[in-house]
Amino acid sequence: MTEISEKTESTVKLPEAVERFVLQWGDMGSQWGVNRSVAQIQALLYLSERPLTAEEIAATLGLARSNVSNSIRELMAWDLVRRVPVRGDRREHFEAETEVWEIAMRIAAVRKEREFDPAIDALKACVADADRDPKLNSVAARRLKDMLGFVETMDRWYAQMLTIPKPKLASLMRLGARVISLLPLGKVK
């Protein structure tokens, strides 16, 4: 079971706002290709006022203990959840990263490593193959080069954004489309 709505007798009742957030976060994660249980556990730990054990997570979300263990391992690989000691308790407790910018940066870093970097490598290989293939039509060759140029530009932009202090990056984001007015040729008439 991965849905809170499929509660068992031992499932803990969450406040409505927490339950809604956990379900929505799980749904959004699923749409982004992340296992729903993984996303729900991250959401629960994010809102939790204290570290939780895997048993508490399983009982709260109505998930199998094995599912919780696998999901926690995945979240730890993303560096979104960590093990924390709790005095007087030998069980493992877990807490989530709660600083929103840090969460976003960690998710972006893992997604880049798992998805974007292999895509760049594949596009480079495709462009190299296209350059060696006299039978390939010029439209396909040009489009491959355009796509590679775009993803390389995005990759450089990402690397540059990592060097900007978070408060300045937040200000830049709040500017939105107004950032265009700061560019020399960006003034709209």
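Axes here are lines fitted to C-alpha atoms, for helices over the stretch in contact, and angles run from 0 to 180 degrees between N-to-C directions. This is a predicted model, in which local features need pLDDT of at least 70 and side-chain atom pairs count only at pLDDT 80 or more, while totals for chains, interfaces and linings use all residues. Residues are numbered from 1 along each chain as its sequence is written, and side-chain values use heavy atoms, with hydrogens and water left out.

**View 1. Helix α3 packs against helix α4.** Helix α3 (residues 54–61) and helix α4 (residues 65–77) have axes 9 Å apart and meet at an angle of about 115 degrees, helices (H or I, at least four residues) and strands (E, at least two) being DSSP runs numbered from the N terminus. The crossing of α3 and α4 is right-handed; a crossing is left-handed if the near helix is turned anticlockwise from the far one by less than a right angle, and right-handed if clockwise. Contact means heavy atoms within 4.5 Å, and Ala54, Glu55, Ile57 and Ala58 of α3 meet Arg65, Val68 and Ile72 of α4. By class, this contact has five nonpolar, no polar and two charged residues, where Ala, Val, Leu, Ile, Met, Phe, Trp, Tyr, Cys and Pro count as nonpolar, Asp, Glu, Lys and Arg as charged, and the others, Gly among them, as polar.

**View 2. Helix α1 packs against helix α2.** The axes of α1 (residues 16–31) and α2 (residues 36–47) lie 7 Å apart, at an angle of about 145 degrees, and the crossing is right-handed. Residues of α1 in the contact include Phe21, Trp25 and Gly26, and those of α2 include Ala39, Ala43 and Tyr46. Ten nonpolar, five polar and two charged residues make up the contact of α1 with α2.

**View 3. Asp79 lies in the loop between α4 and β2 (81–86).** The phi of Asp79 is near 65 degrees, a positive value in a residue other than glycine. Asp79 counts as partly exposed because its relative accessibility is 42%, with buried meaning under 20% relative accessible area, exposed over 50%, and partly exposed in between (1.4 Å probe, protein chains only).

View 4. From the N terminus on, the elements run α-α-β-α-α-β-β-α-α-α. Along its principal axes, the C-alpha trace spans about 65 × 45 × 30 Å, and buried residues make up 30% of the 189 residues.
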